[in-house]
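Please read this briefing alongside the sequence and the coordinates. It begins with confidence and then takes up each chain by topic.

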Amino acid sequence: MSKHAYVVTVPKPHHTAYNPDRPISDLVKNQILHLSVAEQHLDTHHQSGKDVHSIKTEREASEYIAHLTRKLHAKETKKPQTAKKNKPARPRPARPSSKTNRRKKK
Amino acid sequence: MTVGLDKLKHIVVLMMENRSFDHMLGGLSLVTEGGKKKYPKINGLTGNESNPDSDGTPVVVQPQADYQDQLVHDPDHHFPGTDMQIFGDQKGTGRVANMQGFVKSYFTQTKDVKLSHEIMNYFKPEKLPVLTTLATEFALFNSWFSSIPGPTICNRAFSHYGTSFGQVGMNIFYIGRDIGSIYGRMIDAGKTAKIYYYDQQSSTMEIVNLLQHQPQLFGTYSQFISDCKTGKLPDYSFIEPAYNDHPGPGGGQILASDQHPTHNVQEGERFIGNVYNAIRGNDALWESTALLVVYDEHGGLYDHVVPPVCTPDGFKAQAGDTGTGMPFAFDRLGVRVPAILISPFIPKGTVVDGRIFEHACIPNVVTNHFLNGDAARTVREKGSETFLDLLSDDMRDDNDIPWFEFGG
């Protein structure tokens with residue numbers, strides 16, 4: 001029994017709601033494009049080699065997103081303390097989507 | 001200073017995805033009790049609002065919104081599409097915003113007249129028990145607008161930076177500017193701030209700017225829950241929902257909780273309820289925290305309120321970048337979105353009316369409260385509304401405060 005006096009019950013989604021094979025939205029598409037730009041700052045042997053334009057479903061996107069998130073966090077965590085004294089690497093700006101779109105059309 | 005403001009130690013923002021005010025909460029205005037409107041102060045729907053379809057037939061709003069996969073096409077919410085939704089068929093200068101282009105805009109995607117009508121659907125309040133409970137129990141903003149009539153990334157930028165640095169789309173060119181993120185401002189001043197993303201499979205939308213260079217600012221949602229339990233929540237927290245369906249630990253299933261069409265809206269309800277419960281479940285945290293639940297933009301879904309003009313942020317998007325053939329001076333807000341401020345010091349049923357809010361208010365409030373306003377920021381952010389005045393002297397009785405239980 002709840003210890004709270006004013007309880008609101010929230011139903012859960014239907015069991016068929018889960019759909020990792022759903023095609024990715026424009027939002028997730030842009031998220032992985034941005035991650036692919038960030039990936040270029042990793043050492044070559046940490047890069048996934050993945051063509052992000054081949055990612056079609058949310059399951060595929062989540063795998064790529066998790067891989068890059070882990071790698072990018074690890075990269076920052078392993079930075080030596082003295083690194084702050086050096087001039088930080090200037091991040092390359094994200095490429096405009098028009099360029100990535102051009103790639104896609106190839 | 002009120003007691004509520006004096007006790008305030010934490011501000012938490014939960015930003016959801018792509019739903020308009022009328023789509024989610026407009027139905028509250030149609031609820032009656034004893035033959036009268038139950039929530040007369042809420043600026044929702046009358047039930048008579050309409051948009052012409054591509055045949056010119058008026059399409060009236062309907063309480064037919066469903067949880068998932070109803071909108072087979074992700075409704076257009078990029079700058080040109082939103083421009084059409086706000087201005088209808090009007091082109092060129094001297095246009096008057098009329099909110100008459102939603103159905104026609106959706107028809108450009110569906111190519112099906114009947115399907116295009118679904119953009120006018122709204123939720124019956126009883127279908128969204130979490131959002132409607134919070135909206136009617138705490139402070140609902142009648143006039144919180146997205147910052148730009150455009151998509152996610154530029155709108156979210158306003159919540160992080162108080163500007164999108166001239167962007168009206170999904171590009172991320174705002175690196176190395178002289179206006180820091182609210183997180184950078186807080187850390188530089190010795191305060192604490194964190195972005196909690198759901199998990200590594202979902203991650204964050206603030207990738208290049210934050211993830212790559214400031215990983216110490218990031219945590220997962222499970223860390224948020226733990227930080228709430230142990231009383232270690234930072235001064236400022238920004239929470240991101242899960243953005244995709246993906247396998248979970250131990251063979252589990254993680255559903256997207258962002259409510260982005262066509263993700264399951266009920267899962268988003270559960271996520272909002274869980275965030276609220278996590279704070280509400282720790283007495284010390286509950287009385288010292290203000291939680292703002294807000295949506296980044298309208299997602300192409302109908303709202304009846306014309307977005308107002310606003311103070312420009314000093315940037316200008318060129319005609320070639322807007323996609324409308326006209327430049328944009330960031331002098332008009334985007335479509336209205338749901339926004340609710342939650343605290344035990346907010347009187348039940350507060351409706352904030354007659355004041356204009358947008359996402360630049362978020363860094364403005366955080367900077368003013370924690371940093372005494374000391375940070376480089378745009379004129380727009382500095383001039384934006386604040387909302388901590390909504391915290392009163394009186395803390396509500398615990399029995400008067402809702403708690404969510406998650407059923408099967």
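The confidence figure used here is pLDDT, the predictor's confidence in each residue, on a scale from 0 to 100. For chain B the mean pLDDT is 95, and 97% of its residues reach 70 or more, while the model as a whole scores ipTM 0.93 and pTM 0.93. This is a predicted model, in which local features need pLDDT of at least 70 and side-chain atom pairs count only at pLDDT 80 or more, whereas totals for chains, interfaces and linings use all residues. Residues are numbered from 1 along each chain as its sequence is written, and chains are lettered from A and ligands numbered from 1 in the order in which they are written.

**Chain A**

- Chain A contains 3 helices and 1 strand, where helices (H or I, at least four residues) and strands (E, at least two) are DSSP runs numbered from the N terminus; their order along the sequence is β-α-α-α.
- Of its 106 residues, 25% are buried, a residue being buried if 20 or more other C-beta atoms, placed from the backbone, lie within 10 Å of its own.
- Two residues are in contact if their C-beta atoms, placed from the backbone, lie within 7 Å; among the contacts in chain A between residues at least 6 apart in sequence, 75% join residues at least 24 apart.

**The sheet of chain B**

- Chain B has an open sheet of 8 strands in the order 8-7-9-1-12-13-6-14, with mixed pairing, two strands being paired if DSSP finds at least two bridges between them.
- Strand 8 (218–220) and strand 14 (350–352) of chain B each have a single partner strand, so they stand at the edges with one side left without a neighbour in the sheet.
- Neighbouring strands of this sheet are turned against each other by 20 degrees on average, direction ignored; axes are lines fitted to C-alpha atoms, for helices over the stretch in contact, and angles run from 0 to 180 degrees between N-to-C directions.
- Strand 7 (residues 193–197) and strand 9 (residues 236–239) of chain B pair in the parallel sense over 4 bridges, and B:K194 has B:S237 in strand 9 as its bridge partner.
- Helix 14 (residues 361–371) of chain B lies across strand 1 (10–16) and strand 9, running at about 170 degrees to strand 1.

**Surroundings of B:G334**

- B:G334 sits in the loop between helix 13 (319–322) and strand 13 (339–342) of chain B, and B:G334 is buried because 29 other C-beta atoms lie within 10 Å.
- Leaving aside neighbours within four places in sequence, B:G334 has contacts that include B:T82, B:F145, B:N155, B:H298 and B:P307.

Technical notes: A residue is buried if 20 or more other C-beta atoms lie within 10 Å of its own, exposed if 12 or fewer, and partly exposed in between; C-beta atoms are placed from the backbone.
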